[in-house]
Amino acid sequence: MRFPFALISSSVSFGLNSSSRLTSRHLYPLSSKSQRSTLTTFFNWQPPMATAEESLRRALADKQSAVEAQGNAVRALKAAKASKPEIDAAIEALNGLKLEKSSIEKQLQAAVSGNDGDAALSREAFRQAAVNTLERRLFYIPSFKIYRGVAGLYDYGPPGCAVKSNVLAFWRQHFVLEENMLEVDCPCVTPEVVLRASGHVDKFTDLMVKDEKTGTCYRADHLLKDFCNEKLQKDLSVSAEKAAELKHVLATLDDLSAEELGAKIKEYGITAPDTKNPLSDPYPFNLMFQTSIGPSGLSPGYMRPETAQGIFVNFKDLYYYNGNKLPFAAAQIGQAFRNEISPRQGLLRVREFTLAEIEHFVDPEDKSHPKYSEVVNLEFLMFPREEQMSGQSAKRTRLGDAVSKGTVNNETLGYFIGRVYLFLTCLGIDKDRLRFRQHLANEMAHYAADCWDAEIECSYGWIECVGIADRSAYDLRAHTEKSGVPLVAAEKFLEPREVEKLAIAPVKKELGLAFKGNQKKVVEALEAMSEKEALEMKAALESKGEVEFYVCTLGKNVPIKKNMVSISKEIKKEHQRVFTPSVIEPSFGIGRIIYCLFEHSFYTRPSKAGDEQLNVFRFPPLVAPIKCTVFPLVQNQQYEHVAKVISKSLTAAGISHKIDITGTSIGKRYARTDELGVPFAITVDSTKDVTIRERDSKLQVRVDVEEAASVVKSVTDGHRTWEDVWANYPHHTSGSADD
């Protein structure tokens, strides 16, 4: 079953997901120039070219005006006591206009709701059917259910755990093993100083509003987004101009300041959803869970909002472990925590979730990739910022063309985009509902060179599931500045080079007399100064003789006198170039990927009797929670013995499986396992050979008992396809195969 999607909001057609921060793109402020550009764009915006929906809205407004005018004409004729034929003709014309208006309303409703008549279930009905099945079969359920649960927290049940484990195992195979990455596992509890350096403490916020009477909290942008979507989808009387305005608000939602967001909420009369009470002005709320480390409570910390910082702070040791060579990549899978204001959308927005992140460190002067040729010819949907701004749709594009034209900033970024595409499609994500959307200029952090999101279309619209960003050298520089430890790499020259260099020479004797046991920390801080800082200090020392200097490892300013440091420019011979590496960061929201996989895999088909629809998950064997089931056709001691023999063979081959010896019909047992997404079923109806049934085609082949496990393993491991099996084994026809 495929259900239609209506591109009804700019958050869908533009692909903006203000809620997703997998790459922390909202963490750091825009430059003032970018902010001015954003505000200019917002207030000087003009509606784009008319779409089919806008044309229908204009036509509906025109027809409504015609109906009102004709209604007035009928009333005037009646008031003037015109002849009956004349009044009847006017009424007939009015009824004709009403029919035309009704027809346009139906077309507009189809355009905004995505329902093409009775061709498919609405996306809401599809989602509900899928979620009901997932929860009933324990793929996942609300956490602490017997206590009425906690919003934004979910438990994975047995099949959900298996799917998640399989996805992560493939992620390790596809990235960590194939790319020779260095995997680390860092603590979830992070000291405040680390997250202050990264910017999370000050800027990892969402705007929140409160019900002024009950104190209930809501995310401000969610309320505005819901209002706009509700008007666009359900209020057919909205004019084309108003609809365009609402879409523009959705498209610029990420850019609105607290004041602008509050003004829009007041302008549209938005109130608390549950009580209809007035709302407070929006204000920032930090999304991190705060804690303290140790019993004294004097060492503040946070539950990490992402796994990346653990990799950045370990760069120096990882670089050494890698033989002091670039490029190299470090990877981490782990839990992250965000205290969402109003979690919703099931697994798409939760307070504790699994991230899989890669930090690929590369020389900023050479962002080529040795394996780029392996992905250069891949073609898939790409959505560059220019097409987004002009109102176009994503187009199938050859990756090599996007890189060579400069649409994708560099080869390494392009390589990871290609590898992410292969990863997602191998998992079972529909390639026609997967696109790579480039961040708009006003989404980009000021330090980022380029950023693309892998977005997957599901019943909630386009959802960002992977962020692939070139973050330049921002993170390592931030931690270098805060810690005083240089997180740098070096390129050794074949021949020494003469360069003009700023020399910073701390006078250790004078510093020792002044700072005693803190001398080393002051020396390290002086030596870590940037050229700009050093020249400013030199000028201040020459004019004043003394300057206040902040030493981050001491957490305070110290007085530096002219006799404590020598700063000068001199010609030096260099044997190496020392630099801060750039970082290419693919960041995977595992829960989001899994939920989209659930939806892309779910469909229904009629039962054998045709009296009900049976649920099926078409998981590829790679991620299926159970690879195979073993069914004795009837309760028979010999058949059950054969089933146990096959079970031992499957266990020895490492194939997850389940034996079902219940007395229910084989058709019902097939239906139960199809609903769990089990790709293969072995039915024991003989002591010599058995049938193997494939889930989606329901085709069966006959295989010797001794071969059954090896056939299933060869297909689940990807060494052969079901088509190969079908072509090489005798076919089996049985009514029991049809559910």
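**Exercise 1. Contacts along the chain**

Determine what share of the contacts in the protein chain with a separation of 6 or more comes from residues 24 or more positions apart.

*Solution.* Step 1. The structure is a predicted model. Among the contacts in its protein chain with a separation of 6 or more, 71% are accounted for by residues 24 or more positions apart.

Step 1. The chain has 739 residues, and buried residues make up 50% of them. Its secondary structure comes to 25 helices and 29 strands.

Step 2. Along the principal axes, the C-alpha atoms fill a box of roughly 100 × 95 × 55 Å.

**Exercise 2. The interface of domain 1 and domain 3**

Describe the interface of domain 1 and domain 3 by its buried area and its salt bridge.

*Solution.* Step 1. Locate the two parts: domain 1 covers 52–113 and domain 3 covers 205–286. Their centres, taken over C-alpha atoms, are separated by 34 Å. Domain 1 gives 9 residues to the contact, and domain 3 gives 11 residues.

Step 1. The size of an interface is often expressed as the accessible area that is lost when the parts come together. Between domain 1 and domain 3 the buried area is about 850 Å², and carbon and sulfur atoms give 50% of this area.

Step 2. Across this interface there is 1 salt bridge. Arg-58 and Glu-241 form a salt bridge in which the closest N and O atoms are 2.4 Å apart.

Step 3. On the side of domain 1 that touches domain 3, helix H3 (52–79) and helix H4 (84–113) each supply at least two residues. H3 provides the largest share, 5 residues. By class, this side has 3 nonpolar, 1 polar and 5 charged residues.

**Exercise 3. Salt bridges and sequence separation**

For the salt bridges Glu-192 with Arg-196, Arg-385 with Asp-450 and Arg-435 with Glu-455, state where the partners lie in the chain.

*Solution.* Step 1. The whole structure contains 43 salt bridges. In the one between Glu-192 and Arg-196, the closest N and O atoms are 3.3 Å apart. These residues stand 4 residues apart in helix H7 (residues 192–198), so about one helical turn separates them. Glu-192 is buried at 19% relative accessible area, whereas Arg-196 is partly exposed at 33%.

Step 1. The side chains of Arg-385 and Asp-450 meet at 3.9 Å, N to O. Because Arg-385 lies in helix H14 (residues 385–389) and Asp-450 in strand S15 (residues 450–458), the pair ties together parts that are 65 residues apart in sequence. Arg-385 counts as partly exposed at 23% relative accessibility, while Asp-450 is buried at 2%.

Step 2. Arg-435 and Glu-455 meet in a salt bridge of 2.9 Å, N to O. Arg-435 is in strand S14 (residues 434–438) and Glu-455 in strand S15, 20 residues apart, and the pair links distant parts of the chain. Both Arg-435 and Glu-455 are buried.

Step 3. Elsewhere, salt bridges with shared partners join Asp-206, Arg-219, Asp-221, Glu-340 and Arg-349 into one network.

Definitions and conventions:
Residues numbered from 1 in each chain as written. Predicted model: local features only at pLDDT ≥ 70, side-chain atom pairs only at ≥ 80, totals over all residues. Heavy atoms only, no water. Domains from an automatic or database assignment. Contact = heavy atoms within 4.5 Å. Buried area = accessible area lost by both parts, 1.4 Å probe. Salt bridge = Lys/Arg side-chain N within 4 Å of Asp/Glu carboxyl O. Nonpolar A, V, L, I, M, F, W, Y, C, P; charged D, E, K, R; others polar. Buried < 20%, exposed > 50% of the residue type's maximum accessible area, 1.4 Å probe, protein only.
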